[in-house]
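Please look through the sequence and the 3D structure shown here before reading on. The report that follows takes up a loop residue, the chain as a whole, and then some of its helices.

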Amino acid sequence: MAPRKRISKTEPSSPEHPSSSSKGNNNVTTTVAAAPIPTHRKPPLQTNDPPIAPPKWGLILKLSLFSIPYAYLLFYHYKIEPELQRSVIINAGMSVAGFLVTVKLIPVASKYVLKRNLFGFDINKKGTPQGNVKVPESLGIVVAIVYLVVAILFQYFNFTADSIWLVEYNAALACICFMTLLGFVDDVLDVPWRVKLVLPSIAALPLLMAYAGHTTIVIPKPLVPHVGMEVLDLGWIYKLYMGLLAVFCTNSINIHAGLNGLEVGQTVVIATAIVVHNIMQIGASSDPEYKQAHAFSIYLAQPLLATSLGLLSYNWYPSSVFVGDTFTYFAGMTMAVVGILGHFSETLLIFFLPQVLNFLMSLPQLFGFIPCPRHRLPRFDPQTGLLTGTKDGTLVNFFLRNLGRKSEKALCIYLLGFQAIACCFCFLLRYFLAGWYK
């Protein structure tokens, strides 16, 4: 779970008592006498909290270097049709604009959420001065809004009114928008876990109802003699699988958390792998429909990558904002629809290998066989600034138990490195199994 102490929302001071002090860490409001204010003037809400730290441009500059091999694949290594290449470039340009807007809006949104007492304290810094700082919560809402605006505006440049892809594209955006709304509701109302498991299946309904693609799977070649067919039509079972994939992706991002930058960092790594995978598939294929499906995936993945980088510039250690369940649900649903509509759900699950392992480790606690605390976080030592692993079944604690005590930043880098290794393993696996497995 996210490394924060959730603060319940309190009602703002009434206009009749402008000197009222409303504290975010409890629901006690102390009112002191003050001179009456003219009724025609309403005093603005003010906060004495200092502004958040500026974005970490050095980190973004380092990560932007990974765009060089991507550009090489897009422009030189593969012979991609100019029209398709043009659409990818336009989408990339709009994504960069989305990144800049995200960086600009996060400080503005932070002031508003602090005014509404939507903030938290960093549990992994408890006992230090940083542990007493109010950190704005649920800033994933900014990323989601900018992403949706970019994705909607992109339709003007790429889709015509009679495009066969337009229905599924808008259905995907409806799912993402629906999931963002439910994630923000969760941040505000603190929805129980049993309800969280159901929310993604509800949000995935627009895509499941509008999905008009194939519902078949290709039987692996070693199994063809035993099954007696090369292609199997699953029908409604395939749509059920799509719904379950959406549930897994959203909740797996949500429970593989607990460190500054981990939720957004894993999204950036997976989104990068998705974009590269799609370019490779477009370049290696001669089927126009297959190419369009992967281009469709790129159109949704590039804005996710860019806007997430904008959030990461504030959420990286030491975090000046918290992403909230809004972002984890939004990011998980976006990657789910990208994998579904791009027809590479098996590859997507390998990209999610750390999340799969974390989910399997969490099962005993999630199903109540072992006591499950609210925050399954490692223990923080304020004297040394190091984290120690607990017996809770998370990948975060597993790494600490096996690698020893680490600082929060170092541990996050190890986990994101493991995420990158899992994505590279997926590419190697596809390379060695090509022509034999499918």
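## A buried loop residue

Ser320 has a relative accessibility of 10%, and because buried means under 20%, this residue counts as buried. The model discussed here is a predicted one. In the chain, Ser320 sits in the loop that lies between helix 12 (288-315) and helix 13 (324-341).

Which residues is Ser320 in contact with, leaving aside its neighbours within four places in sequence? They are Ile52, Ala53, Val135, Pro136 and Tyr314.

## The chain as a whole

The secondary structure of the chain comes to 17 helices and nine strands. Of the 438 residues in the chain, 48% are buried.

## Helix 10

Helix 10 runs over residues 236-255, and at 1.5 Å a residue its 20 residues should span 28 Å; the C-alpha atoms at its ends are 29 Å apart, which agrees with that expectation. This helix is also mostly covered, since 14 of its 20 residues are buried.

## Helix 11 with helix 17

Two packed helices are described by the angle between their axes and by the distance between those axes. For helix 11 (residues 262-284) and helix 17 (residues 408-433), the angle is about 20° and the axes are 9 Å apart. Angles under 35 degrees count as roughly parallel, and helix 11 and helix 17 are therefore roughly parallel to each other. Their crossing is right-handed.

On the side of helix 11, the contact is made by residues including Leu262, Val269, Ile270, His277 and Met280, while helix 17 contributes, among others, Cys412, Leu415, Gln419, Phe427 and Arg430. Sorted by class, this contact of helix 11 with helix 17 has 12 nonpolar, five polar and one charged residues.

## Helix 4 with helix 12

Helix 4 (residues 140-158) and helix 12 have axes that come within 9 Å and cross at roughly 145°. The crossing in which helix 4 passes helix 12 is right-handed.

Helix 4 makes this contact through Gly140, Val143, Val146, Tyr147, Val150, Phe154 and Asn158, and helix 12 through Tyr299, Leu300, Pro303, Leu304, Thr307, Ser308 and Leu311. By class, the contact of helix 4 with helix 12 has 10 nonpolar and four polar residues, with no charged residues.

Terms used. Residues are numbered from 1 along each chain as its sequence is written. This is a predicted model: local features need pLDDT of at least 70, side-chain atom pairs count only at pLDDT 80 or more; totals for chains, interfaces and linings use all residues. Side-chain values use heavy atoms; hydrogens and water are left out. Helices (H or I, at least four residues) and strands (E, at least two) are DSSP runs, numbered from the N terminus. The expected span of a helix is 1.5 Å times one less than its number of residues. Buried means under 20% relative accessible area, exposed over 50%, partly exposed in between (1.4 Å probe, protein chains only). Axes are lines fitted to C-alpha atoms, for helices over the stretch in contact, and angles run from 0 to 180 degrees between N-to-C directions. Angles under 35 degrees count as roughly parallel, over 145 as roughly antiparallel, 65 to 115 as roughly perpendicular and the rest as oblique. A crossing is left-handed if the near helix is turned anticlockwise from the far one by less than a right angle, and right-handed if clockwise. Contact means heavy atoms within 4.5 Å. Ala, Val, Leu, Ile, Met, Phe, Trp, Tyr, Cys and Pro count as nonpolar, Asp, Glu, Lys and Arg as charged, and the others, Gly among them, as polar.
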